[in-house]
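The entries follow in the order of the look-up.

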Amino acid sequence: MSVTTTPEATTSTSATPHEPSIPSNPASTTRSAAAARERTAVLESQIVRSPGEYRVLTGDRPTGALHLGHLLGTVANRVRLQNLGVEVFLIVADYQVITDRDDAGDLPATVHEVLLDYLAAGIDPERSTVFTHSAVPALNQLLLPFLSLVTVAELERNPTVKAEAEAALLRQKRGISGLLFTYPVHQAADILFCHGNLVPVGVDQLPHLEITRTIARRFNQRYSAAQPYFPEPDALIAPSTAVLGADGRRMSKSRGNALELRASEDETVAYFRRARTDADRMITYEPDRRPEIANLLQIGAHFAGTSPEALADEVGSAGAGQLKTVVTEAVVEGLRPLRARRRELASAGPRHLAEVLARGNARANAIADRTLDDVRALMNMRY
Ligand code: TRP
């Protein structure tokens with residue numbers, strides 16, 4: 001039986017003519033956020049030089065339409081990478097919705113909204129692959145061997161899962177489901193099935209990426225020692241810190257404090273009117289001491305194409321009211337093209353979106369089938 005062990009060699013079919021090779025990776029395994037940021041800076045310059053060496057895999061849980069936190073945290077970054085020439089895979093992680101809730105809501109409607117947000121934000125389905133988790137069975141089949149490569153203790157240590165489990169307990173008085181406990185391993189399959197080597201994430205997702213790297217390394221050691229089969233993917237940390245909602249806590253759909261991208265201009269104005277600030281009249285950019293002000297500065301700076309520091313100087317002693325006016329204007333103007341595209345796509349009906357997803361799913365399936373076939377061969381399970 002012959003086994004293909006290099007990612008390049010696995011991609012000789014027409015579905016993926018140019019699969020990226022694996023760029024060199026430092027040997028370090030555990031990485032603090034600071035180290036990940038440093039590594040991000042190095043990667044950024046490599047990406048600009050040779051975008052074809054990278055394949056991005058990232059995605060979202062379809063729990064609702066996307067909001068400003070998604071855009072600034074990761075969606076804008078994905079579009080930028082795509083436009084630099086990096087191949088981008090976006091997973092709509094529908095199975096992840098049921099990690100911490102019984103009722104997934106109206107999934108078809110939510111997936112529709114998320115797709116509208118992606119395309120309106122600039123994801124180009126001709127260049128990027130958008131697919132849903134549940135539509136790619138071979139991807140999920142990788143989960144079984146991957147589960148064998150991590151210990152329960154390692155999964156228990158994951159701080160992000162711990163935090164999510166606590167939130168689920170508080171919110172709905174429910175224990176940790178087996179799916180919540182193991183979802184970092186699913187994410188490893190999400191990333192590795194397509195040999196993704198670059199994962200743009202917020203720092204909260206770093207522990208998950210560490211598990212992915214561990215799984216890739218152990219799989220290679222155990223089954224593919226001569227030539228590593230899976231890459232050890234790198235995190236690409238978002239430039240800004242987490243976006244806060246109007247109540248000063250991290251922006252999230254479940255907290256009800258989010259500004260959705262699809263919101264109207266009036267809703268946007270009202271949203272920032274109720275955003276929290278502080279009592280200091282002088283506007284300064286001090287993320288640790290003045291998180292609410294820093295958050296508004298960051299949002300405004302993103303859309304105005306300037307830095308939070310420069311925006312703080314501009315507003316200066318004019319106070320929080322003026323800051324809100326400036327930020328609101330920047331957001332309304334900055335989101336205008338996205339919102340116009342979104343309306344256009346929405347009024348064109350669901351056919352186009354269904355086609356985009358069908359194409360993305362077909363492509364993801366072709367790649368996942370091939371990877372699973374390689375994995376079974378490497379594991380001596382091809383009969
Ligand atoms: N867990 C991510 C979120 O909640 C979504 C996700 C699923 C993901 N699979 C992934 C992100 C793989 C990065 C890589 O937003």
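Before reading any crossing, I noted the convention: a crossing is left-handed if the near helix is turned anticlockwise from the far one by less than a right angle, and right-handed if clockwise. I worked from a predicted model, in which local features need pLDDT of at least 70 and side-chain atom pairs count only at pLDDT 80 or more, while totals for chains, interfaces and linings use all residues. Residues are numbered from 1 along each chain as its sequence is written, and side-chain values use heavy atoms, with hydrogens and water left out.

Entry on α4 and α14.
I took helices as DSSP runs (H or I, at least four residues), numbered from the N terminus. I looked up helix α4 (residues 107–121) and helix α14 (residues 319–347), whose axes lie 8 Å apart at an angle of about 130 degrees. Axes are lines fitted to C-alpha atoms over the stretch in contact, and angles run from 0 to 180 degrees between N-to-C directions. α4 and α14 are therefore oblique to each other; angles under 35 degrees count as roughly parallel, over 145 as roughly antiparallel, 65 to 115 as roughly perpendicular and the rest as oblique. Their crossing is right-handed. I found Glu113 and Asp117 among the contact residues of α4, and Arg341 and Arg342 among those of α14 (contact means heavy atoms within 4.5 Å). By class, this contact has 7 nonpolar, no polar and 4 charged residues. Here Ala, Val, Leu, Ile, Met, Phe, Trp, Tyr, Cys and Pro count as nonpolar, Asp, Glu, Lys and Arg as charged, and the others, Gly among them, as polar.

Entry on α2 and α12.
I next examined helix α2 (residues 68–84) and helix α12 (residues 291–304), whose axes come within 12 Å and cross at roughly 55 degrees. α2 is therefore oblique to α12, and the crossing is left-handed. Leu68, Leu71, Leu72 and Ala76 of α2 meet Gln298, Ile299, His302 and Phe303 of α12.

Entry on the ligand.
Which residues are closest to the ligand? I listed Gly59, Arg61, Gln96, Gln187 and Asp190. A side-chain N or O atom of Gln187 is 2.5 Å from a ligand nitrogen.

Conventions
Helix = DSSP H or I, 4+ residues; strand = E, 2+ residues; numbered from the N terminus. Near = heavy atom within 4 Å. Polar contact = N/O pair within 3.5 Å; in protein donor to acceptor, adjacent residues only side chain to side chain.
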